[in-house]
Structure formats: C-alpha cells, structure tokens
Amino acid sequence: MSEYGLFMIFFAAAFFNNFVLIQFLGICPFLGVSKRVESSLGMGMAVLFVMTLASLITWMLHEFLLFPLGLDYLRTITFILVIASLVQFVELFVQKASPTLYKALGIFLPLITTNCAVMGLAIMNVTEGLNIIQTLVHALGAAAGFTLVLVMLAGLREHLEIHDVPKPLAGVPVALLAAGILALAFSGFVL
Amino acid sequence: MTDKFVVGPSPHVLGPKTVKSVMWEVVIALAPVSIAGILLFGLDALLVLVTATVTAMILEALVLHRNLKPASILGDGSAAVSGLILGLILPPSTPLWMVVIAAAVGILLGKHAFGGLGNNIFNPALVARAFVFMSWPVAMTTWHGPLSLSDWTTRVSVDVASSASPLGGAQHGLMEMFLGQTAGSIGETSALAILLGAIFLIVRGHIDWRAPLGYVGSAAVVAAIYSFLGGDFALTTIAWQLMAGGLLFAAVFMITDMVTSPVTKTGRLLFGIGCGLITMVIRLYLSAPEGVTYGILFMNAMVPLIDRYTVPKVFGEVKSR
C-alpha cells in the first residue's frame, strides 16, 4: 500500500478496504451503537480521534523505540496501552462535554480500547511500511469509512424501526441482514 | 377498497390508482424490453424470464397467503415486477437453478425479511443479482452475442458462442448499441425498447424525472470528464457509455422504484446523482466491469439519511435562531 498516492490511500481505507464491511473489523460497535444516527455520529468522531492519534503515536513508538531496539514482540501490548490511555482521554472529554452522548454510547465508549479496527489499523500501518504522512491519511480514511457505514446502518435501523419487520426478525437480526446486503454493495469497490 | 361503505380516518377521496394498477402498468412498460430480449437472445432468455417471474410470484404467494390459489399468485403484481426485472438483469445463459435461487434470495431476503412491499430498504432484484454475482461470478459474466434474423428462420434454439459485452471490450457502432444488438443481460442491451417503456411510464405518471435525470446526467458528466482527461473527448464516447451495460435500464426501472428511492424531490435528485457517480467510478476506475448494481444498492442504504436531511420547508416556516 505504501506505493499508492495519498488520495488513493484515503479512498482505499474508506471504501475498497472498508474496515467494517470488507475486512470485518470493529463489528461490535458497528452493531452496538447503530441504533440512533446522532449517537453513531458521536461514536464515529470518538473513533476518528482515537484512530488518528493512536496511529501517529504507535507509528512513532514502533519506528523510534520498538524496531531499533529489536523489541518487536512487545508490539501488541504497547499498542494496546497507547490505545487504552487515549480512550480514557476521550471518555473524560465526552463525559464532561456531552453527558447525553456519554450515556448513549454507554459501554461502547470504553470498549473502543478493544475495538479491533483501531488495533488493526495501528498494526497495518507498520506492517505495510507506511511513512508518517501516509499513516495519518490512512487513519483518517479508515475512520471516515467506519463513520460512514456506522451512520448508514444507523439510518437504516431507524427507518426499520417504524416499519413492519416480521416479529422474529425485528431488531438485531434484520440489522445484521441489512449489514450483510450493505457488505454486498461494498463488494463492488474492488481495485 | 371493494367495500362501498368504508369506515376510517380521512382522506376519504379515493383515486383509481392502486398498488395493483401501478404494478401491472410497470409490467406493461417492461413488455417492450422483454420482447426485445427474447428476440435478441432467443428461447434461453424466455426461459430465464419466465423462471424468475414465476418463482418470485409463487414464493410471494406462499409467504403472504400460505396457499397457491391463482388469486394469491397474481397478488398485487409487485412480485411479478421484481421477478421480471431480476430476469431482465441476468445474462441469457444463466442456468435456471441459479435463476430460482436468485429469485428466492430477492423475494425472501431482499423483500419479505424486511416486512414486504413498502418496507424493503434494498431493491429486491438488485439484492438477488449482487448475491448470485458474488456466488457464481463466472456464470454471471458469461455473455453470448445476439441472434441474427437468419438464426430465427433456420433454427429456434441455437448454441451461441460466448462473446464480450461492450463494457468487456467489444466494439460496436452506436446504432447497434441503440437497437441492442450487443452481448449483455437480457433486458439491458436495447436502448430503444427501454425508451419505449420509459415514455409509457412518464405519460402514465408513474415515474418522476428527477432521479433518472440525476443518474444519467451525472454519469454523462463523469464520462465527459474521463474522456476529456484521456484526451479523446467526443460526444460519441459519452453516448456509448450511457448505452453500454445496464445504465439506461436502471435509470428507468430501478432507481425510480417507489419503495427504495427517497420521498423528497431534492432527495430523488441527490439519489440519482449519487447512483450515477458510484456507477461510473466503478466502471471507469475500478476492476469490476459494471457498477450499476453496487451504486444503486449503496444509495438505497443512504435513502433514510437523504430523506432525513432533505425535508422541505413548511410553507411560512421561519428559520429559528
């Protein structure tokens, strides 16, 4: 991926390799926080913040500390530490700035710590050999793609709530079905 | 609506237009396309169309009425429309068992799992096509060329050699493309037949011009920019892009679907533009040969958001500060 231009890296992360619908990372917040459009937008912004900063910090840690010292085997644990502390930041901020959003996001806000999309992004940045600018753009694209599909699914679920979905399928089952068809639609975005 | 004495909330004025009448008129509008498809691709095409339509109608009767009486099979005609549209966007050489699976996916997963007519988010025919395309990509991209008049007079069923579709690199004149003498899906090749159906639908007031115009317009703009950047700008290139693949068919019969397109007028225009942009980007810049299915499915998922942000202003409304 490192040979692509910045524009292409952004679109690849947002559409062609969409983290949720093509690589199936971060499915848990995708289904957990997609009940309301507003809260899903809030979640998207939180993930954008965590993804961007986490990518930059983990990239620098890897480049200047882990790799030169031959400590590659500590990669996972270091990255999780960085992500977890960033999530704590976001949590404090959201709690203070918007208690309603804090309530709406509930358990899924601290769970960004274990959001595999963030971790996957941080690892992909270093394994794909991206430089720091490319890492930044890749993170922005990944977060944009994540937010886009999250908000789309939230729109669909709000829409389905006011329609006569058959009883056994109402709620999560039909959301999963809609997500599956959405993934079919994204399967057309192949480079 | 057969009772003369209706007790219920307003409105009490009833028009002659019902779901049933609209759906059967759409079937009439699909007739020229179907006939053109059968003339161009022979009995194979006829079998695919009949299988898709009949499977869709039988499944709908089973889901809704749990019996197979003729009245329940005919139903409100929406299953016939979905099934026929599905048949028209499949290649003529599709194996019939695949057509049955496609129709089942479209009607059961695409339509009734979401609550049936009026509740489905995605166009059932497109869900079915995306599904079979994902599952059996080779069968879905094997085209065979159109029959000529002599094929019809000598033999009725012919084993036709497979050939490339225009988007797959085949060279065709614009007139051939207009009449539909190219390889492709059953219903999408003949621009003439599609336009006949479009005129009927517009005259009867069943489709709104905004979504198709946004769709064809944005596709033309992207094609123009692409050919301009490529240094071979010509009006024929744009016309070629518009007539190739399923673009025109989708513009008339799929993005005008009342259930899966936005309610607001601005929304419909935006919906069409979005479909056109995605279709053309997939066609020109990505590896998939055709983007119509994906473009429309993607925008179907955007419809609730589009409706949400394009609510028109109430007359006399003042922006509150």
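**Close-up views of a predicted model**

**View 1. Helices H6 and H15 of chain B meet side by side in contact.** In H6(B), the residues B:Leu126, B:Val127, B:Arg129, B:Ala130 and B:Phe133 meet B:Thr293, B:Tyr294, B:Ile296 and B:Leu297 in H15(B); contact here means heavy atoms within 4.5 Å. By class, these residues divide into 7 nonpolar, 1 polar and 1 charged (Ala, Val, Leu, Ile, Met, Phe, Trp, Tyr, Cys and Pro count as nonpolar, Asp, Glu, Lys and Arg as charged, and the others, Gly among them, as polar). H6(B) covers residues 124-135 and H15(B) residues 292-309, and they pack at about 130° with axes 10 Å apart. Axes are lines fitted to C-alpha atoms, for helices over the stretch in contact, and angles run from 0 to 180 degrees between N-to-C directions. The two helices are therefore oblique to each other (under 35 degrees is roughly parallel, over 145 roughly antiparallel, 65 to 115 roughly perpendicular, and the rest oblique). H6(B) passes H15(B) in a left-handed crossing, where the near helix is turned anticlockwise from the far one by less than a right angle; clockwise would be right-handed.

This is a predicted model: local features need pLDDT of at least 70 and side-chain atom pairs pLDDT 80 or more, while totals for chains, interfaces and linings use all residues. Residues are numbered from 1 along each chain as its sequence is written, chains are lettered from A and ligands numbered from 1 in the order written, and side-chain values use heavy atoms, leaving out hydrogens and water.

**View 2. Helices H10 and H13 of chain B run roughly parallel.** The axes of H10(B), residues 191-203, and H13(B), residues 247-254, come within 10 Å and cross at roughly 15°. That angle makes the pair roughly parallel, and H10(B) passes H13(B) in a left-handed crossing. H10(B) brings B:Ala191, B:Ile194, B:Gly197, B:Ala198 and B:Leu201 to the contact, and H13(B) brings B:Leu248, B:Phe249, B:Val252 and B:Phe253. Of these residues, 8 are nonpolar, 1 is polar and none is charged.

View 3. pLDDT is the predictor's confidence in each residue, from 0 to 100. Chain B as a whole averages 86, with 92% of its residues at 70 or more.

**View 4. Chain A has 8 helices and 0 strands.** Helices (H or I, at least four residues) and strands (E, at least two) are DSSP runs, numbered from the N terminus. The C-alpha atoms of chain A fill a box of roughly 60 × 40 × 25 Å along the principal axes.
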